[in-house]
Amino acid sequence: MSTRYMKKVYGGDVITEKENNDASDTEISVTNDTKSKSFNVFDVLNQSSDDSEDTNDKQDEENMIPNSENYNEVKRKKKKKKRKKTENVKNQQQQGVENNKNIDEIEQSIWEVNQLLGEPEPSCSKEIHEPQWINKISKEDVLTIEHKHLNPNNELKKIFGSKTVQAEQSKKKHRSRPGHLKKTWLTCPRDNWLPICKSGLSMSLDYSMQSTENVQYFVYEHSSSYKQAQLQFLQAVESLDPDNIINIVNAHFYHLDALLQVAEIFKLSEELVLAAGFTERALYSLECAFHPSFNMTSAQCRLDYRKQQNRALFITLFKHLGFVGRRACYRTSLEISKLLLSLDPEGDPLAVALCIDFYALRAKEYEWFIKFCNLWENSRRLTQLPNILYSLALAHFRLGEKADANELLQKALIMFPGVLMLLLDKCSIQTDSKVMYHDFFNSQARVSTTPALEKLQNLYVMRSFRLWKEADILPWLETNVHIVLSRVEFKDDYVKYCRVKRSKRYQGKLPVNILRHIILSDMQEVIVNAQEIEDVKAVLSYDPLPPEDSIDIYRMPNERITQNNSNFFSRFFSSLFMGIDEVAADILNGFQIL
């Protein structure tokens with residue numbers, strides 16, 4: 001490679017050293033004081049051919065004698081080559097100018113068309129498309145579910161690692177049964193469960209309900225053998241003999257109501273693992289009976305709660321939700337809540353709106369919760385519930401939206417002032433004397449709060465008080481409490497408006513769906529009194545407080561409950577099954593063969 005070529009490539013002076021006798025190659029060094037240029041290896045490919053020709057011509061020119069014929073011939077060739085190069089450069093420049101003119105003409109025509117028809121929307125701008133998608137989302141779309149979030153084991157693997165979860169599951173394995181268990185999304189079938197081939201449960205399209213283009217109604221159906229087992233179960237409940245229920249579960253492995261009844265017995269005896277297992281078995285049976293068109297993740301499938309055979313799915317999902325929440329699988333709990341709400345979002349027969357905020361905040365799905373409240377506010381008036389209004393303020397605070405969070409928290413404190421003292425007492429927080437003894441949060445709050453609203457406030461505080469114990473929440477709460485007191489002292493019109501609204505709107509008894517929620521939640525601090533359900537014939541774990549317009553296919557037990565102390569639900573089962581520990585032991589002995 002020539003020295004001149006190296007200068008052209010590297011842009012500096014090149015010094016060649018003498019060749020050694022034993023060396024086969026020439027070492028080249030470049031001086032440090034040369035002007036540095038950016039080196040592109042692709043320039044070598046573009047310039048090598050021209051440089052080689054120039055080098056050869058110059059070498060030939062040096063070897064020839066000046067003014068000789070050969071010398072003049074070489075010079076003429078060089079001039080022709082230079083002329084060709086200049087002509088090629090000019091042609092390329094002219095073509096570039098013509099191409100630019102063509103491009104300018106095309107752009108000019110496009111601009112004229114856009115002036116007539118309007119500018120097109122950008123196709124890959126994230127800032128534009130995201131709000132468009134949010135505006136187009138419907139109320140049902142916000143309830144759609146991802147399959148991977150329905151199974152609590154997936155969330156446990158994220159928390160503790162897959163090896164830990166698999167090791168724990170291997171300890172619980174029993175001897176396997178013949179046959180294959182169907183794979184489901186909501187539960188993981190256990191090795192000691194029987195095949196589901198003859199459960200007697202199925203699902204079909206509900207033609208008695210008016211389906212729309214997007215929403216379809218379904219109904220569960222019972223076979224003749226299942227109906228016989230159900231009648232036996234109802235007789236066992238009326239007989240007050242727990243052994244009869246045990247015999248039904250042994251004979252009919254996937255009988256829903258019997259499984260739920262046995263699960264409640266274990267729950268009352270604090271055998272929560274066994275109670276969760278029987279609830280999962282009932283849910284497995286329900287899921288295996290799904291219609292092929294029943295897509296539980298689409299939020300477009302509905303079940304009529306008035307129909308007796310449909311209520312098992314609602315109640316089983318709610319009980320399963322409680323057990324999953326106890327395991328701190330809050331993301332899974334949120335998905336189950338969305339599924340439960342999507343089955344009847346307008347009626348909400350189990351008042352899922354009273355707990356969905358807790359699971360959303362625990363799962364840190366703040367944006368989803370805000371979107372859910374905005375979409376369902378017009379049809380459900382969610383912000384009239386204390387849990388929704390306080391949780392909305394927390395969600396905005398967690399997203400860093402301090403202005404919206406402050407406004408919502410002040411609204412919550414003014415509309416539901418009775419929550420504050422309950423919250424401070426439950427969190428064991430000592431506040432200043434101005435807040436502690438101010439009439440607005442004490443005597444005035446008690447006078448203007450109806451018993452029904454007080455129960456809703458207690459339910460929210462007992463479930464969500466841990467969300468307010470975090471270090472960064474307390475200063476924010478204290479600041480807004482003092483702002484609210486200032487507004488009270490200045491006699492803000494909104495304070496008076498909320499006082500009147502609070503004393504008039506929450507009159508009368510709680511709706512029956514909220515009573516079902518309280519009964520199924522089974523909190524010791526929040527109970528259902530006998531006066532609140534005095535018109536109800538029976539309260540049973542597999543079907544608490546049936547609707548007044550219930551569509552029954554079986555005769556219900558003619559029992560009336562009148563207990564009025566402690567937790568009503570627990571007291572009922574204590575009276576139904578005397579000696580609950582002995583009953584649980586008998587059940588364990590009866591299920592040893594399974």
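## Close-up views of a predicted model

**View 1. H482 and its contacts.** Apart from neighbours within four places in sequence, H482 is in contact with D432, K434 and V435. Contact means heavy atoms within 4.5 Å. This is a predicted model, in which local features need pLDDT of at least 70, side-chain atom pairs count only at pLDDT 80 or more, and totals for chains, interfaces and linings use all residues. Residues are numbered from 1 along each chain as its sequence is written, and side-chain values use heavy atoms, with hydrogens and water left out. H482 sits in helix α21 (residues 473–489). Helices (H or I, at least four residues) and strands (E, at least two) are DSSP runs, numbered from the N terminus. In sequence, H482 and K434 are 48 residues apart; in space, they are 8.9 Å apart, C-alpha to C-alpha. H482 counts as partly exposed because its relative accessibility is 26%. Buried means under 20% relative accessible area, exposed over 50%, and partly exposed in between (1.4 Å probe, protein chains only).

**View 2. K307 in its loop.** The loop between β5 (301–303) and α11 holds K307. With 11% relative accessibility, K307 counts as buried. Residues up to four places away in sequence aside, K307 touches D206, S208, V219 and I551.

**View 3. Two loop residues with positive phi.** Most residues other than glycine have a negative phi. K364 has a positive phi, near 60°. K364 lies in the loop between α13 and α14 (366–380). At 61% relative accessibility, K364 is exposed. S428 also has a positive phi, near 55°. S428 belongs to the loop between α17 (418–426) and α18 (433–436). Its relative accessibility is 64%, so S428 counts as exposed.

**View 4. The second largest pocket.** This pocket holds about 760 Å³ of space. Its lining has 28 residues, and the closest to the pocket centre are G322, R326, R463, S521 and M523. The elements that give two or more residues to this lining are α9 (256–268), α11 (311–326), α13 (356–362), α20 (451–464) and α23 (512–521). α11 gives the most, with seven residues. On a 1 Å grid over the protein atoms alone, a cavity is a set of points where a 1.4 Å probe fits but cannot get out, and a pocket is an open set with protein on both sides within 12 Å along at least five of seven lines; lining residues have an atom within 4 Å of a point. Grid points are joined across faces, edges and corners, and a volume is the space filled by probe spheres set on the points.

View 5. Domain 1 (140–164 + 182–349) and domain 2 (352–510) both give residues to the lining of the second largest pocket, so the pocket lies between them. The domain bounds come from an automatic or database domain assignment. By class, the pocket lining has 13 nonpolar, five polar and 10 charged residues. Ala, Val, Leu, Ile, Met, Phe, Trp, Tyr, Cys and Pro count as nonpolar, Asp, Glu, Lys and Arg as charged, and the others, Gly among them, as polar.

**View 6. The largest cavity.** The whole structure has two cavities of 30 Å³ or more. The largest cavity holds about 130 Å³ of space. Among its lining residues are H222, Y226, L256, D257, R311 and Y554. α7 (224–239), α9 and α11 each supply at least two lining residues. The lining of the largest cavity has five nonpolar, four polar and three charged residues.
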